[in-house]
Each structure stands twice: as structure tokens, then as C-alpha cells.
Amino acid sequence: MVFFSKKTESSGMKPEINIGLVGHVDHGKTSLAYALTKKWTDTHSEEMKRGITIRLGYADVTFYYCEKCRRYGNTQKCASCFGDAKPVRTVSFVDAPGHETLMATVLSGAALMDGALLLISADEKCPQPQTAEHLKALDIVGIKNIIIVQNKIDLVPQERSLESYREIKNFVKGTVAESAPVIPVSAINNVNIDLLIEEIQRTMPTPERDTSKKPKFYVARSFDVNRPGAPVKELKGGVLGGSLIQGIIKVGGEIEIKPGVKVNDKWSPIKTKVVEIFQAGVSDEAAPGGLVALQTELDPSLTRGDSMTGSVAGLELPENIDQISIRITFFDHIIGIEGAKKVEPIKQGDVLMMTVAIAKTVGIVTSAGKTAVLKLKIPVCAEKGDKVAISKQVSGRWHLVGWGEIV
Ligand code: GDP
Ligand code: ZN
């Protein structure tokens, strides 16, 4: 996944909501993101103003509404009457990594999403392994706002598209997406993208944000933006990219970052100051909604190469914990694997991967009772009641086996 756009949308509106794109590889996430935003790219890199270089994998787009035609679109000119349409909302799309095999990364990406589009290709039987896995991830993370996008309808005859529709409805029965709308589209041919936008507007309202709470920022990426060999006095501080979950962060404000840095085998939180903020352009403050880059006073070597991914930044954050007690609910079967493989009970010494909001960490089971206790390799900034997704390595890959709550 992920990010950063340098320009403000031409509408001048800031993004208000993050919508994730999830689904099996090759079902069309990148193509749909492009159809929706007209500027998506995963490989491109762009020089941000004042030298912040950031890879894109996310994009903002403003949706417009033409009152005359009663039609939504993503351009200022209405696609039917070519008249002026009214800007209604700016939305950020976040990618769940398409070729990412690490389920935990999809889960941590989901921590930034307010809603999700689940892509399902009409020309393949549903569910494909990652379709099931991603839906489960949305369920665990608690994303209820889901639209199912049935893609590639141009590739199949009508009977198959109806059959695919039935497979989809059957698959989502009893899940969080049971009553999610299903919108048939062809991402590469731009078919029904206007209907999808309408459905997003209708069913995914901007969440209410409590900006009076202490700020909490999930770090999805981190960068050293300096050119190699740049003179010391020109060095810019480390950059954190991610999303503000609550509160406000202002330029000049102090933040702490957890788990922080490891010194002599011990992790300690670090404090720094925010020097510059980019949220749909340079901004005095960051608010929830959309993706944000915070330039800090941190030594840039600390943020190089995404080394702070999974951290939490803000004020009055929960403590770092390196031993975690979780009440676990295991699934009957391993999710995201062909065939029905039973989840084996865990035992002492097992290694599990846990995703706690944006953070992922590996832990060793030290006690395997009803409430399992794990010793974590890297501490997490979390508290009682937080949800944890649990993955286990099966045939060389991490698979989702259950979820739990910190007790
Ligand atoms: P991702 O892995 O989910 O991001 O999928 P991509 O967007 O990369 O799409 C995978 C392949 O499917 C590419 O070759 C796309 O050109 C193709 N594709 C995506 N959407 C459509 C569609 O609506 N119709 C057809 N025929 N092909 C599509
Ligand atoms: Zn019109």
C-alpha cells in the first residue's frame, strides 16, 4: 500500500474518508483505483514540494454531482451534459498490497480504512483464497462499510455474471458483508464507475471525527527524504506517513512515537516535534481523513526505509507492552488456503504473528490456556480491549487462524 499526493485536489476540498481496496490478486484493484481517481500508480515516484519524495500507491479524488443529469462522476464536467458539476466530497483510496502475501500487512492496512471496496472478478469462481482472507480481515478489524465490486463483467456472458453474483451472495452470507451492495463494473472499460461512486456516496458517509481527543497517528510508512551526500545543514528530519485516527496534529506540536527505538536491547518511546505537514498539499495541521506526511525533527536515519512502519505517534498514547495476554477465538478452518484445513490448538513455544491496529509483531506463546500469553519480539503500543488478529505459519505462509482481545 501507500502514498502521498503533492497537490491539493482542484476542488480544494480535503479528503474526508479513507476507502480501502481489497480482493484477490489480479481481480482489478489497481485498475479500479485508476478508474476512480485517474491518477493511480504503484510504481511512480514523485518529487513532493520541498523535496519530499514519496512513492504513490494511494490517491485522492473529488467526486462531483450533476444536478441536471442526477449523475455522479470524478470530473468537474459532467460526462453526460458536459455542464459544470458540483464538487461533493474528496475521498482517499488506500491500496491493500496486491501481491502482498503477508496477511498481517493487509490487516494493518485495514486499520487505516473507514470503508472498503471488496473486488471480486466475475470470470473466476468465488471465493478465491485471498477474497475469503481479506473479507475476514475486514471483519476482524471491524470495517462494516463494504461495497462489493464485481469486476470484469466485460469478460463474461450474462449467465456467468449472474452465476458469479449468486456465488458472491452465497459467500458473504453470515459475514459482515451479508447486506453489502454488489456493483457490477468493468474497471478497464470505465463501465458503471459512476454508479459505484453514487453507491460510495450513498453508503459510506464521512465518519464523525472527534478532534478534541488526544492525537493518535498510525504510521504506515516512514522515509528519509534526503539525497545521499546532502550537506548536514540541509538535512531534513525524518518523515512519517500515515493517517490520523483521532485528534489534530499541528505544525510545531510535540509528538511521541511508540514503540520507539531499541537501545541496548530495550525499546523506548521517542519524542519529536512536527516541522511540516502534508495533507493534500502543505498544511498547518493534520486532521483525520486521508493520508498525511509529517516531517519531524527526528534523525532521518531513524525513519529510513519504512523502519517506523507500524508505530503509533501522538500524545498520551498507551504504554508499550512486550508481554501480551489475549483471549483468543480460533476459527474452525484456516482462512485463505485451498481446501478445509483445521486450525490446530496452539501450544507453548508456538510462534504467532499478531496485528494490533497498524502494528504487527511476532510473539512466542509462553502460556497456552484459554487466555494465551505471548512474549513479543517487538513491543506494541496497545491497551486492554484492543483487538488482535492472529496469524500462524502454515506451509511457509502466514495465514489467519483467529482473533482475540487483549486482557
Ligand atoms: P490487482 O492485482 O487486483 O491490482 O489487479 P489489476 O488491476 O492489476 O488487474 C489485473 C489484470 O486484470 C490486468 O491485466 C488488468 O488489465 C485486468 N483487468 C482489470 N480490470 C479489468 C476489467 O474490468 N476487464 C478486463 N477485461 N480486464 C481487467
Ligand atoms: Zn449533467
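Which side chain meets that of K125 in a salt bridge? I looked it up: the partner is E167, at 3.8 Å, N to O. I count a salt bridge when a side-chain nitrogen of Lys or Arg is within 4 Å of a carboxyl oxygen of Asp or Glu. K125 sits in the loop between β7 (115-121) and α3 (129-141), and E167 in helix α4 (residues 158-172), so the pair ties together parts that are 42 residues apart in sequence. Helices (H or I, at least four residues) and strands (E, at least two) are DSSP runs, numbered from the N terminus. I searched the whole structure and found 16 salt bridges.

Notes on the model. It is predicted, so I kept local features to pLDDT of at least 70 and side-chain atom pairs to pLDDT 80 or more, while totals for chains, interfaces and linings use all residues. Residues are numbered from 1 along each chain as its sequence is written, chains are lettered from A and ligands numbered from 1 in the order written, and side-chain values use heavy atoms, without hydrogens or water.

Next, the domains. The assignment, automatic or from a database, gives domain 1 (15-203), domain 2 (216-314) and domain 3 (320-406). I took centres over C-alpha atoms: those of domain 2 and domain 3 are 28 Å apart.

Then the interface of domain 2 and domain 3. I found 10 residues of domain 2 in contact with eight of domain 3 (heavy atoms within 4.5 Å). The two domains bury about 800 Å² between them, 70% of it on carbon and sulfur atoms. That is accessible area (1.4 Å probe) lost on putting the two parts together, summed over both. I found zero salt bridges between domain 2 and domain 3. One residue pair is in polar contact across the interface, both at pLDDT 80 or more. A polar contact is a pair of N or O atoms within 3.5 Å; within protein, one must be able to donate a hydrogen and the other to accept it, and residues adjacent in sequence count only if both atoms are side-chain atoms.

On the domain 2 side, β10 (216-223), β13 (254-263) and β14 (266-278) each give two or more residues. β10 gives the most, with three.

Last, ligand 1. I listed 15 residues around ligand 1; D26, K29, T30, S31 and D154 come nearest (a heavy atom within 4 Å counts as near). A backbone N or O atom of D26 is 2.8 Å from a ligand oxygen. For A187, the backbone distance to a ligand oxygen is 2.9 Å. T30 uses a side-chain N or O atom, at 2.7 Å from a ligand oxygen.
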